[in-house]
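Dear colleague,

I am passing on the structure below, and my notes on what was found in it follow directly after.

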Amino acid sequence: MKQEFNTKVRIEDDLYSYVNGKWIEKAKIPDDKPSVGGFITLSDEVEKTMIKELKSLSKKEVKDELLHRAISFYKKVIDEEDRIKGISFLKEKVSYLDNIKSESDLILSLYYLYDNNYYLPFNMGVTEDMKDATKYSLVLTSLDIILPDTTIYGTEQGNALLEVYKTMAQEVLEKLEVTDAQDIILKALSFDARLSKIVKSQEEWSDYIKCYNPYDVEDVNSLLGFDIKPLILSRFGKIPAKLIVFDPKFFENYKELMSGNLEEYLARSKLKLYLSGASYLSEEFRNISGIYSRALNGTKEMTSLDKYAYRLTNRYFDEILGVYYGKKYFGEEAKKDVIELVKNLITTYKERLSANTWLSKDTIKKAILKLDTMGIKIGYPDKIQDKYYTLVFSENASLVEIIDTLDKLRGTYSDSLLYKTVDHSVWIMSGNTVNACYNPSFNDITFPAAILSAPFYSIKQSVEENYGGIGCVIGHEISHAFDNNGAQMDEKGNISNWWTEEDYAHFKEKTEEMIKEFDGLELIGEKVNGRLTVSENIADNGGVTSSLASLKRVKPDADLKKFFINYARIWCQKARPEYTKLLLTVDVHGPCYYRANMQVRNFEEFHKAFNIKETDKMYLAPEKRVIIW
């Protein structure tokens, strides 16, 4: 993205548009994409590189066992003539559900359904225990709904999207020659409508600490109306002391949802199997089965086969491809430089915490302990996880059957962890991912090789630009340790109240200030949900604070204009209206426009750097500025 400023806009009135306006004006969103810019542009470059690599590797003898499997899978996706052979497998799989004639049949079939990738009437799986991050817990949670959020049901937008979904489903089922297609669709939609009333909204899910609700197995049995112990014993060998229920409301209403509605549940399961499997059958099927998702984000056409093949391969073999990418394209010089950046920001954080005026010494001490024990993962892992060695499949099988096999193997591996110790060396992002993350259960931060490129980072960029880019991203991820969710977890990754009562009350007041700052901001006629986005807004705020302070320490005479300009640059985005509306509904991140413009207004350094006056639109009165960390 070439640096060309939009001089029709005053930087004092709109930093984001001044920095990005020229590019946005010229940029064209490809027909197969919902948006372009920033993270997406860099992702596209990585994707092009990896597609080229896969094409090249597919013509060679690949001796590395894991990479060979990934390439074999990639070849199956590319071979459309071979993919269509999967129709008979898909139909046979769906037909098993016809054997379930009663609720007792369903209960007796639960283990088979769970073991063979069918949709249970609830979800069950294994994840790190939020109160003891050294162990795993068995989690029960609700089913997915069709629309992006519960709040859309009953609205004009929601009704229109359901019609699109219904049309898509009809086309897929008719092409599969399903004789009772209309009946399946109507019953599935009826089930979904009732389901939407008892599951969490996206705003509720964003408060993930509230997911931790331990239940005795007998209490779960009471909610379900049957004994779940045989299912657990058959899969895990013994009953855990506690089951963790992520959304109690769903289970409290489970019996009402299911009672007398077996046919609707089975119809929902059949439809989801047909729709999820259809895209693996042929390009024509993939095009039809993508109608609804394209309506959600406003894209005009499906992605090319090359992109689809890479993305699907990456879904199952991401760490393998990530290590390959990292080893070939990520330099040690860059890694050392970024490690120094991370250490510098952590040092800054500790200094700011030590000088904090609204926290007690006890809370500060524990916050610094959390920073001292924070893990740092940069580039790609030294060792590929064991789970990838289990992903063995027959190259003679159809693609849909291979994916079914891989899903079973992944599920079996995940479930096998229940009574094992958590391995904190595991990466949750692959090296070819253009993103970064904080893992609250591990208390570590991850910066994959792919994000360590311009405009975020480059050894060719100025120090100011790197701190305005990757520095703010690093600070953002560190700040998640102290956002509204991370603040409730200790240095070991456990839910723990490590604050004094007075300090935590003060923190909650500051959190409310952040919610208020963003709540109700308008974009394309819609409004930002301050509560949905608060954790990311706190992290953005902390990211700028810590990176700016770090820059000033390493370079006292730094040109802060360059810092703030590159900060605005990394959020550059041009998006379709439908996609923007979708993100405003479901994304915990705020809109890119406000991530740039609203955050910088909180800083006196920004006002001084650009001589912002009270009459300028970017001006924010000191008493209204929010800085938490």
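In helix α2, the residues Val46, Glu47, Thr49, Met50, Ile51, Glu53, Leu54, Lys55 and Leu57 are in contact (heavy atoms within 4.5 Å) with Asp306, Lys307, Tyr310, Arg311, Leu321, Tyr324, Tyr325, Lys328 and Tyr329 of helix α17. The residues of this contact divide into 10 nonpolar, one polar and seven charged, where Ala, Val, Leu, Ile, Met, Phe, Trp, Tyr, Cys and Pro count as nonpolar, Asp, Glu, Lys and Arg as charged, and the others, Gly among them, as polar.

Please bear in mind that this is a predicted model, in which local features need pLDDT of at least 70 and side-chain atom pairs count only at pLDDT 80 or more, while totals for chains, interfaces and linings use all residues. Residues are numbered from 1 along each chain as its sequence is written, and side-chain values use heavy atoms, with hydrogens and water left out.

As to the geometry of the pair, the axes of α2 (residues 38–57) and α17 (residues 305–329) come within 10 Å and cross at roughly 90°, the axes being lines fitted to C-alpha atoms over the stretch in contact, with angles running from 0 to 180 degrees between N-to-C directions. The two helices are therefore roughly perpendicular to each other, a term that covers 65 to 115 degrees. Helices here are DSSP runs (H or I, at least four residues), as are strands (E, at least two), numbered from the N terminus.

Not counting residues up to four places away in sequence, Phe73 touches Leu312, Thr313, Tyr316, Phe317, Phe393, Leu399, Ile402, Ile403 and Leu406.

A cis peptide bond, with omega about 5°, joins Ala454 and Pro455, and Pro455 is found in the loop between β8 (444–448) and α21 (463–479). Asn117, in the loop between α6 (103–115) and β2 (123–129), has a positive phi near 65° and is partly exposed, with a relative accessible area of 22%.

Terms used. Angles under 35 degrees count as roughly parallel, over 145 as roughly antiparallel, 65 to 115 as roughly perpendicular and the rest as oblique. Buried means under 20% relative accessible area, exposed over 50%, partly exposed in between (1.4 Å probe, protein chains only).
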